[in-house]
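Let's take a quick tour of a model, with a stop at an annotated site and another at a ligand. Have a look at the picture first.

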Amino acid sequence: MSERDAADLLRDAKRVAVFTGAGMSAESGIPTFRDALTGLWSRFDAKTLATPEAFARDPALVWGWYEWRRAEVERVRPNAAHDAVAAIEAHVPGTVVITQNVDDLHERAGSRAPIHLHGSLFAPRCSACAQPAPPPIGTAPSAPGPGAAPAPRTPEPAPVTGGPAALDGERDGRRKPPECAHCGAHVRPGVVWFGEELSTEALSAATEAAFGCDLLFTVGTSGLVYPAAEIPYVAARSGAAVVQINPEPTALDAVADVNLRGPAARILPDLVA
Ligand code: BV8
Ligand code: ZN
């Protein structure tokens, strides 16, 4: 099936779900996770940065890394794929956007209430009492340097050194997390780390949307991280058509009725034109 078939499915759909991953924001300039050359996990070690154990071991390293990523997101804009998703929402009432992304690019493109399965870079909270904390103001640190234990198989990225982090005496992208105004414990990034449970509310809403849709787009995700990767299967099992948009083959190829190989910012706008 072709792009034309996908456009026909969209035209006839009454309830649409759009499931997105890092590839959705790639053309805005945000790196994916697992792409071999440019993915974050080719440059940084997930276990050193994206687990509760990592934060307990070195809160300044982990907080600094997420602050750097937050600043990177603030520097970029939604791309044509985010705009196209917002256009689908505008044309098909009841469309639900389900994202694994921790950026805010869907919101900035006009999507009303995307479900953030893996949390958000913009919702820090206390690591002890879970009270929301205000997002930090001010300059972000540079990318973590050698202390971040880069993934072994690739060269070190070129971190900006001597930036604001160096000015306040913190090196290698480290940044001491703020303290909770209620209990004094460290504030942590509001994302879901490996080994942590997803918000029950978010996962239920996503599952319900997948179960109730007649068309699901899966866009820019490798489909490797669970339980999020169940979402396209839920839709397929309930009888929905699944359309995948990705330049590369993925673990979700088998569940997709239509595989459109190409970048999201080229293919999605064509579907809504
Ligand atoms: C949990 C957030 C239980 C923070 C992230 C079943 C089997 C095996 C393992 C497990 C399993 N169930 C659970 C697990 C364990 C684990 C897991 O899935 N491991 C895998 C990796 C083996 N899951 C968990 O730990 C989850 N928690 O299960 O809890 C529990 C129960 C009770 C009590 C306690 C616990 C939590 C997972 C959350 C992980 N959080 N990060 C942060 O961002 O730092 S993971 C990270 O992966 C991001 O969130 C990301 O969104 C997510 C998915 O990645 P993708 O978005 O797909 O990105 P990726 O780079 O992989 O792919 C990009 C794609 O884009 C590529 O296909 C590429 O071709 C494409 N692309 C590139 N350019 C473009 C493009 N596409 C379109 N256009 C382009 N231009
Ligand atoms: Zn607290």
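Here Ala, Val, Leu, Ile, Met, Phe, Trp, Tyr, Cys and Pro count as nonpolar, Asp, Glu, Lys and Arg as charged, and the others, Gly among them, as polar. This is a predicted model: local features need pLDDT of at least 70, side-chain atom pairs count only at pLDDT 80 or more, and totals for chains, interfaces and linings use all residues. Residues are numbered from 1 along each chain as its sequence is written, while chains are lettered from A and ligands numbered from 1 in the order in which they are written.

**Around ligand 1**
- By class, the shell around ligand 1 holds 17 nonpolar, 13 polar and 6 charged residues.
- That makes 36 residues surrounding ligand 1 (C-beta atom, placed from the backbone, within 6 Å of it), and Gln 100 is one of the closest.

**His 118**
- An unreviewed UniProt entry marks His 118 as "active site"; such annotations may be inferred rather than shown by experiment, feature names are shortened, and positions are given in the numbering used here.
- You'll find His 118 in the loop between strand 3 (115–116) and strand 4 (119–126) (strands are DSSP runs of E, at least two residues, numbered from the N terminus).
- His 118 is buried, because 20 other C-beta atoms lie within 10 Å (buried takes 20 or more such atoms, placed from the backbone).
- Leaving out residues up to four places away in sequence, His 118 touches Gln 100, Val 102, Val 191 and Val 192 (C-beta atoms, placed from the backbone, within 7 Å).

**Strand 5**
- Strand 5 (residues 187–191) is largely enclosed by the rest of the structure, because 4 of its 5 residues are buried.
- Strand 5 pairs with strand 4 in the antiparallel sense over 4 bridges (pairing takes at least two DSSP bridges).
- Val 191 in strand 5 is the bridge partner of Gly 119.

Key:
A residue is buried if 20 or more other C-beta atoms lie within 10 Å of its own, exposed if 12 or fewer, and partly exposed in between; C-beta atoms are placed from the backbone. Two residues are in contact if their C-beta atoms, placed from the backbone, lie within 7 Å.
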